[in-house]
Amino acid sequence: MIWNQIKTMNCLPQKPDDRFDAYLTKNPVPFTTPAGPDQRFWVIGPYEKLKELARSFRVDATARTSFEDGCFGRRHTDLPPTGEQPTGGFRKKIAVAVPRPVNPALIAMRQGVNPPQTPRRSDLFDVFADFYARKTLEAHHIIEKSILGDLKRNKGDLRDDVAPCVLVVAELHQQIYTPEVSRFRASFKPGMSSAAQADLLTTIYKDLYASPQMADLLAIANVIIGQVRLGLPN
């Protein structure tokens, strides 16, 4: 039921590639690129299906072409990597990494954020820039799966492997989405009513997806939160 509602209300009617269970969100995300104005669309789908698509991007040029209008982050350079994934020695390199001066041009690429803007780790460290440039895209649960699990809501269309996700660059997922939301887990107390759970989720995700560029993600989050408010699934 949740997926039917999301596909009908929040996604473009046609899948970009019939081989993949992935959809583009309805509203374009504006971008400024060196070539001029552009617009892209978030790529939405069930968790495991988006993981499959992310792996395909590395080796399948036709898949990349099908989703060339996909939005995978907040900079025009946030694109699916190709080739081999980074392996070995990463954490040892981090331990001795020395930060470099931040290039203001990199910070200015980020869409939909008012200054001041916090640099990404890849803006500060060459080792992070190299790692994330080659890291496979990741499927981010639009409502954090660990919170839905704690609330016993990860069933049906909200089961971890099929819950609504967005495909994003790994740095965005690992450095913003997950840590920003996971810190609220302790705020969900045993015995909370469905309405109280939904109210807290609304507060969390209204802030996380506050940027106009993330309006479609907020709309999808609200569909899921609506099910929590109704006590479904449980």
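This is a predicted model: local features need pLDDT of at least 70, side-chain atom pairs count only at pLDDT 80 or more; totals for chains, interfaces and linings use all residues.
I started with helix 10 and helix 11: S194, A195, Q197, A198, D199, L201, T202, Y205 and K206 in helix 10 meet L218, A221, I225, V228 and R229 in helix 11. By class, I get 8 nonpolar, 3 polar and 3 charged residues in this contact.

Next I checked how the two helices lie. The axes of helix 10 and helix 11 come within 8 Å and cross at roughly 170 degrees. Angles over 145 degrees count as roughly antiparallel, so helix 10 and helix 11 are roughly antiparallel to each other.

I also looked up A196, which sits in helix 10. Buried or exposed, or something in between? A196 has 29% relative accessibility, so it counts as partly exposed.

**Helix 9 against helix 10**

Helix 10 covers residues 194-208, and helix 9 covers residues 170-182. Their axes come within 11 Å and cross at roughly 155 degrees. That makes helix 9 and helix 10 roughly antiparallel, because of the crossing angle. The crossing of helix 9 past helix 10 is right-handed.

Which residues make the contact? On the helix 9 side I found Y177, E180 and V181, and on the helix 10 side I204, Y205 and L208. Sorting them gave me 5 nonpolar residues, 1 charged and no polar ones. I noticed Y205 here again, as it is also on the list for helix 10 meeting helix 11.

While in helix 9 I picked out I176. With 33% relative accessibility, I176 counts as partly exposed. I compared I176 with R120: 56 residues separate them in sequence, and 9.4 Å separates them in space, C-alpha to C-alpha.

**Helix 1 against helix 11**

Now for the start of the chain. Helix 1 (residues 2-10) and helix 11 (residues 215-229) have axes that come within 10 Å and cross at roughly 150 degrees. So I wrote down helix 1 and helix 11 as roughly antiparallel too. Helix 1 passes helix 11 in a right-handed crossing.

For the contact, helix 1 supplies I2, Q5, I6 and N10, while helix 11 supplies A219, I220, V223, I224 and Q227. I count 6 nonpolar and 3 polar residues there, with no charged ones.

**Helix 7, two faces**

I went through helix 7 (residues 126-134) and listed its buried residues: V127, F128, F131 and Y132. Where do they sit around the helix? Looking down the axis of helix 7, I see them within an arc of 115 degrees, so they line one face of the helix. A reminder for me: an α-helix has 3.6 residues a turn, so residues three or four places apart point the same way. On the face of helix 7 turned away from the buried side I found the exposed residues D126 and A133.

Most residues other than glycine have a negative phi, and most peptide bonds are trans. I found an exception to each. K152 has a positive phi, near 60 degrees, and it isn't a glycine. K152 lies in the loop between helix 8 (145-150) and strand 6 (164-168). Its relative accessible area is 52%, so K152 is exposed.

I located P233 in the segment after helix 11.

Methods: Residues are numbered from 1 along each chain as its sequence is written. Side-chain values use heavy atoms; hydrogens and water are left out. Axes are lines fitted to C-alpha atoms, for helices over the stretch in contact, and angles run from 0 to 180 degrees between N-to-C directions. Helices (H or I, at least four residues) and strands (E, at least two) are DSSP runs, numbered from the N terminus. Angles under 35 degrees count as roughly parallel, over 145 as roughly antiparallel, 65 to 115 as roughly perpendicular and the rest as oblique. A crossing is left-handed if the near helix is turned anticlockwise from the far one by less than a right angle, and right-handed if clockwise. Contact means heavy atoms within 4.5 Å. Ala, Val, Leu, Ile, Met, Phe, Trp, Tyr, Cys and Pro count as nonpolar, Asp, Glu, Lys and Arg as charged, and the others, Gly among them, as polar. Buried means under 20% relative accessible area, exposed over 50%, partly exposed in between (1.4 Å probe, protein chains only). The arc is that of the directions from the helix axis to the C-beta atoms.
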